[in-house]
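Please look through the sequence and the model below before reading on. The paragraphs that follow lead from the overall layout to single residues.

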Amino acid sequence: EAHRIDRDHGLACAVIDYISAFDAPGGAKFDTRTREVGAVAGACKALAQNLDCVVVAASQLNRASGKDNAPPTLRGLRDSGEIEQWADAVALIHRPDHDEKSEDDAARLLIAKNRWGELGSIAMAPDLKNSRFLWLDTTRN
């Protein structure tokens, strides 16, 4: 489908809502789910290279990775460490004081992997009513 869209209209970005929801390319069978998700991650990388576009693939983190309000790490990527191996960049959202009842908790976008740049974090504010995060202006006092 991405190839067709690129051919008809040009494609600058493809978004994969949940990488673990996809089956392995070509219906291939793997001995573990880890390897299957890794094959999907590899197919995402190949798609980005073939179409010269950005591919953003979302993945869940294992629940244990966020215990004790510790920031998430690359090891917490659900189903496969191969996601991190194939990715050029990995960003993780961290809400250290997350409370189900509060929408004004601070959040950070952690740049955990960046093949061609710096690592770090960016302050954000959750706007959950609109299903988004807003950048916080850190230049003002």
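**A walk through the chain**

Read from the N terminus on, the elements of the chain follow the order α-β-α-β-α-β-β-β-β, which gives three helices and six strands; here helices (H or I, at least four residues) and strands (E, at least two) are DSSP runs, numbered from the N terminus. The model is a predicted one, in which local features need pLDDT of at least 70 and side-chain atom pairs count only at pLDDT 80 or more, while totals for chains, interfaces and linings use all residues. Residues are numbered from 1 along each chain as its sequence is written, and side-chain values use heavy atoms, with hydrogens and water left out.

Of the 141 residues of the chain, 29% count as buried, where buried means under 20% relative accessible area, exposed means over 50%, and partly exposed lies in between (1.4 Å probe, protein chains only). The chain exposes about 9800 Å², and carbon and sulfur atoms supply 50% of that area; accessible areas come from the Shrake-Rupley method with a 1.4 Å probe, and for residues only the protein chains shown count as cover. Among the contacts in the chain with a separation of 6 or more, 42% are accounted for by residues 24 or more positions apart, a contact being heavy atoms within 4.5 Å.

How do two of the helices lie against each other? The axes of helix H1 (residues 2–9) and helix H2 (residues 33–51) come within 11 Å and cross at roughly 15°, and therefore H1 is roughly parallel to H2. Axes are lines fitted to C-alpha atoms, for helices over the stretch in contact, with angles running from 0 to 180 degrees between N-to-C directions; angles under 35 degrees count as roughly parallel, over 145 as roughly antiparallel, 65 to 115 as roughly perpendicular and the rest as oblique. From H1, the residues Ala2, His3 and Asp6 make the contact, and from H2 they are Leu47, Asn50 and Leu51. These contact residues divide into three nonpolar, two polar and one charged, where Ala, Val, Leu, Ile, Met, Phe, Trp, Tyr, Cys and Pro count as nonpolar, Asp, Glu, Lys and Arg as charged, and the others, Gly among them, as polar.

Between strand S1 (13–16) and H2 runs a loop that holds serine 20, a residue that counts as buried because its relative accessibility is 9%. Leaving aside residues up to four places away in sequence, serine 20 touches Arg33, Val37, Arg78 and Asp79. Valine 15, placed in strand S1, is exposed, with a relative accessible area of 63%. Valine 15 and cysteine 44 are 29 residues apart in sequence and 9.8 Å apart in space, C-alpha to C-alpha.

Glycine 81 belongs to the loop between S2 and helix H3 (82–86) and, at 45% relative accessibility, counts as partly exposed. From glycine 81 to glycine 38 there are 43 residues in sequence and 7.6 Å in space, C-alpha to C-alpha.

Two further loop residues concern the backbone. Most residues other than glycine have a negative phi. Aspartate 52, in the loop between H2 and strand S2 (54–57), has a positive phi near 50° and is exposed at a relative accessible area of 70%. Serine 131, in the loop between strand S5 (120–127) and strand S6 (132–135), also has a positive phi, near 50°, and is exposed with a relative accessible area of 69%.
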